[in-house]
2 protein chains.
Amino acid sequence: MTLAEENYLKSIYHLENRGISGVSTNAIAQKIEAKPSSVTDMVKRLAEKELLHHIKYQGVYLTEEGKKRAKQIIRKHRLWEVFLVEKLNFSWDEVHDVAEQLEHIKSKKLITELDRFLEFPKKDPHGDPIPDQYGNFQPLDEQILAQLEVGESAICAGVKDSSKAFLHYLDQKGIKLGDTISIVEKEPFDQSMVIALDERQLTITDRISKNISVKRI
Amino acid sequence: MTLAEENYLKSIYHLENRGISGVSTNAIAQKIEAKPSSVTDMVKRLAEKELLHHIKYQGVYLTEEGKKRAKQIIRKHRLWEVFLVEKLNFSWDEVHDVAEQLEHIKSKKLITELDRFLEFPKKDPHGDPIPDQYGNFQPLDEQILAQLEVGESAICAGVKDSSKAFLHYLDQKGIKLGDTISIVEKEPFDQSMVIALDERQLTITDRISKNISVKRI
DNA sequence: TAAAATTTTTAGATTTATCTAAATTATTGT
DNA sequence: ACAATAATTTAGATAAATCTAAAAATTTTA
């Protein structure tokens, strides 16, 4: 598989898990940052290789083999992210670009040994699960912070938005995975909320609370 | 720089350090495993980027910038080799192919931090020096095993041939970096020699003794 | 339901990196 | 020195991955 093919597969996999039905050409184009016509071409090639089904003017669906391949790439991406954060002092907003490159390195032994070296981590630095060598992973049983009610407490477990800007915001406010957060106040008008963590109180907008996953306690 | 450009620069750098004069198209073609006509094309592009000088029908010479780039790639290659051997249980004959891929990952922080994580190694698993961030490295003051005389002793310091086959041979015979080797006997007829290491005696051909670097003691 | 808007595909072009085959230049042997 | 040989370059082709512009299909909306 070429680098471009791997990137398409991975993007389509992520899009399939967000929306319901087949993934549209436009959606892929947006994610990959390419023109829709380029997507049509690549989709045709992936369909020939039986990594996805394509119904013209409808959408695409990954085959089992396509999903398997996508999960292997995601496994590599997330293992490298753990390595970068735990061993090389990267912060969680710096890892993405480098992991995008590392995920394409081809060596079975490399990944097996990296996994062992990192002591078989189950989640990446953003709280996302790391598939095992067969592609299996625990689906996260989490809810978004915005859904909690006043008085409830939860542990910060992941982020829905892994953009540099968002992660940087969280760092700056001192919010990180594992933190215990309690809801102090909810403002129905604009859906902002006041949360308590580390003896401090903090007001956050819905833009924030909708992008933090938590585990209730 | 593209992946192909990086591979050409690295290969030309190595060839320049073996032979004396300009590197020939054919020599590059052989090293890269491409046709001479492909080399001509790529050389033209690298010359346009001022990474090397090219005199038609003569050879090529890297510019200072070309050498600098080549050494950065070699630095990355060798640091990754150390990582693979020391942290991921690779043997020295397994590292090359994976390091060939890893050397092209683009991230300054990645290499700075990897260097620190490995505690600033000065040599790779084959005994070759690792350039620092400026491209400087200690040129090795070593000689080849074949040049030693009967009765002399030396420490195994590196290999001139990093092929899987050769490294595998050494592993099988139990020869590794750091071993103390003494010359017991030299046969002028076929240039084979009997060496002593670890209480054992071993007969090796000139093919072997010419590809092992040693430090006299 | 037909026109407008949107989405998707097709057709044709471009860039990178490669190839084969033919032409050109350099080197070598007698 | 000059014909044979070897090395190198040119010309033209191909495959991957992309693009623009235009055509076709689908969806929306009035």
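Predicted model: local features only at pLDDT ≥ 70, side-chain atom pairs only at ≥ 80, totals over all residues.
Me: Which strand does E4(A) pair with over 5 bridges?

Reply: E4(A) pairs in the antiparallel sense with strand E8 (residues 212–216) of chain A, over 5 bridges. As one example from this pairing, the bridge partner of Ala154(A) in E8(A) is Arg216(A).

Me: How do I follow the chain from E5(A) to E6(A), and how many residues lie between them in the hairpin?

Reply: E5(A) and E6(A) form a hairpin with 6 residues between them, and in the turn Gln191(A) has a positive phi of about 60°. The strands themselves, E5(A) and strand E6 (residues 193–197) of chain A, run antiparallel and are joined by 4 bridges.

Me: In what order do the strands of the open sheet in chain A lie?

Reply: The open sheet of chain A has 6 strands, in the order E3-E8-E4-E5-E6-E7, and the pairing is antiparallel. Its edge strands are strand E3 (143–144) and strand E7 (200–204) of chain A, each of which pairs on one side only.

Me: Stepping back from the sheet, how many helices and strands are there in chain A?

Reply: Chain A has 8 helices and 8 strands. Its C-alpha trace spans about 55 × 45 × 25 Å along the principal axes, and of its 217 residues, 32% are buried. To read how the chain folds back on itself, one can look at contacts with a separation of 6 or more: in chain A, 56% of these are accounted for by residues 24 or more positions apart.

Me: How are the two protein chains related, and what rotation superposes chain B on chain A?

Reply: A rotation of 180°, with 0.0 Å of shift along its axis, superposes chain B on chain A with an RMSD of 0.2 Å. The two copies are therefore related as by a two-fold rotation axis. Among the residues of chain B, Leu102(B) comes closest to that rotation axis, with its C-alpha at 3.8 Å. The same surface serves both copies, since 100% of the contact residues of chain B recur in chain A.

Me: How should I read the contact between the chains, and how many residues does it take from each?

Reply: In general, the size of an interface is often given as the accessible area lost when the parts come together. Counted by residues instead, this contact takes 13 residues from chain B and 13 residues from chain A. On the side of chain B that touches chain A, helix H5 (95–102) and helix H6 (108–117) of chain B are the elements that give two or more residues, and H6(B) provides the largest share, 4 residues. By class, this side of chain B divides into 7 nonpolar, 3 polar and 3 charged residues.

Me: Could we take one residue of that helix, and ask which residues Phe117(B) touches, leaving aside those up to four places away in sequence?

Reply: Phe117(B), whose place is in helix H6 of chain B, touches Lys87(A) and Leu88(A) when residues up to four places away in sequence are not counted.

Me: Finally, which residues come nearest to DNA strand C?

Reply: Of the 18 residues around DNA strand C, the nearest are Ser24(A), Asn26(A), Ser37(A), Thr2(B) and Ser38(B). H3(B) gives the most to this surface, with 4 residues, and by class the surface has 6 nonpolar, 8 polar and 4 charged residues.

Me: Which residues come nearest to DNA strand D?

Reply: Around DNA strand D there are 18 residues, of which Thr2(A), Ser38(A), Ser24(B), Asn26(B) and Ser37(B) come nearest. The largest share of the surface near DNA strand D, 4 residues, is supplied by H3(A).

Conventions. Residues numbered from 1 in each chain as written. Chains lettered and ligands numbered in written order. Contact = placed C-beta atoms within 7 Å. Nonpolar A, V, L, I, M, F, W, Y, C, P; charged D, E, K, R; others polar. Buried ≥ 20, exposed ≤ 12 C-beta atoms within 10 Å, placed from the backbone. Pairing = 2+ DSSP bridges. Near = placed C-beta within 6 Å. Least-squares fit on C-alpha atoms with pLDDT ≥ 70 in both.
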